[in-house]
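Visitor: I have a model open here and would like to talk through how some of its parts pack together. Could you take me through it?

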Amino acid sequence: MASSELAQKLQRRLLLEKSDPQPAPGGEEEAAAGRGAGQEEDEEEESRSSMLASADSELGAKLSRRQDINEGTARPRQAKVFNPYTEFKEFSRRQIKDMERMFRLYDSGKDGYIDLMELKLMMEKLGAPQTHLGLKNMIKEVDEDFDGKLSFREFLLIFHKAAAGELEEDSGLMTLAKLSEIDVSTEGVKGAKNFFEAKVQALSSASKFEEEIKAEQDERKREEEEKKHRRAAFKELKSAFSQ
């Protein structure tokens, strides 16, 4: 009888252990540590996947735009409005106006750009014709938006690079800068021969800028006065004939 009860108790105990197994000593800590390590690995993997996806997306967008440019189907990016007098402080107002006149002269399409054919005509008129590949390389060197033509800002970059000594002596752009009759070799901070000259020019650039503006204003005032005198003289002449 006792042995039968003991057998029943042992059997019941075995059933309980099978239905609700107890963790081994230290098992909970090991399981928690394992879960934590696994979670950290999952988070790191997810972070890497996100970074790779972002890089792939950016690279894909750049490659796609480059393909559109090569095929001639890319939409031109909207040009940012810029102030040449503040962005290219190494040049005087008169120099920038001379560059603008030259740019407009060769922008025969009047679209605000100098394309490959217009650049070809410019170099021919300057007496330094270039090959088709040479013209493409000239544009490529300053073509920041990869549209295959020169905006006014990119045109100014030619003279900026020439003044800073960033162009090869025998390059097409250097030839353009030299033959343009716009002297950028000694004027402005970038063309200074040493640090002290650059510092003096930097300090005086503001006053020089103001002097040029005042000179332009005075010139406009003189023109207005001359117009007034001419109108007054015309009225007097008209009244003399009408009497």
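Visitor: At roughly what angle do the axes of helix α6 and α8 cross?

Guide: This is a predicted model, in which local features need pLDDT of at least 70, side-chain atom pairs count only at pLDDT 80 or more, and totals for chains, interfaces and linings use all residues. Residues are numbered from 1 along each chain as its sequence is written, and side-chain values use heavy atoms, with hydrogens and water left out. The axes of helix α6 (residues 132-142) and α8 come within 9 Å and cross at roughly 85°, and α6 and α8 are therefore roughly perpendicular to each other (65 to 115 degrees; under 35 counts as roughly parallel, over 145 as roughly antiparallel and the rest as oblique).

Visitor: Which residues of α6 and α8 meet there?

Guide: On the α6 side they are Met138, Glu141 and Val142, and on the α8 side Gly172, Leu173 and Leu176, where contact means heavy atoms within 4.5 Å. The residues of this contact divide into four nonpolar, one polar and one charged.

Visitor: And how do the axes of α7 and α8 cross?

Guide: Helix α7 (residues 152-163) and helix α8 (residues 172-179) have axes that come within 9 Å and cross at roughly 90°. The contact is made by Phe155, Ile158, Phe159 and Ala162 of α7 together with Leu173, Met174, Leu176 and Ala177 of α8, and its residues divide into eight nonpolar, no polar and no charged.

Visitor: Switching to aromatics, how many aromatic pairs are there?

Guide: The count comes to three aromatic pairs, taking rings of Phe, Tyr and Trp (its six-membered ring) whose centres lie within 6.5 Å. One of them is formed by Phe103 and Phe155, which are 5.5 Å centre to centre with 55° between the planes, and this pair is tilted (under 30 degrees counts as stacked, over 60 as edge-to-face and the rest as tilted). Phe103 lies in helix α4 (residues 93-106) and Phe155 in helix α7, so the pair ties together parts that are 52 residues apart in sequence.

Visitor: Is Phe103 buried or exposed?

Guide: Phe103 is buried, with a relative accessible area of 5%, and Phe155 also counts as buried, at 0% (buried is under 20%, exposed over 50% and partly exposed in between, with a 1.4 Å probe and protein chains only). Phe103 and Phe155 form one aromatic cluster with Phe152 and Phe159.

Visitor: What sits over the ring of Tyr85?

Guide: The charged end of Arg93 does, 4.4 Å from the ring centre, the rule being that NZ of Lys or CZ of Arg is within 6 Å of the centre and within 35 degrees of the ring normal. Lys149 lies over the face of Tyr113, at 4.4 Å from the ring centre.

Note on methods. Axes fitted to C-alpha atoms, helices over the stretch in contact; angles between N-to-C directions. Helix = DSSP H or I, 4+ residues; strand = E, 2+ residues; numbered from the N terminus. Nonpolar A, V, L, I, M, F, W, Y, C, P; charged D, E, K, R; others polar.
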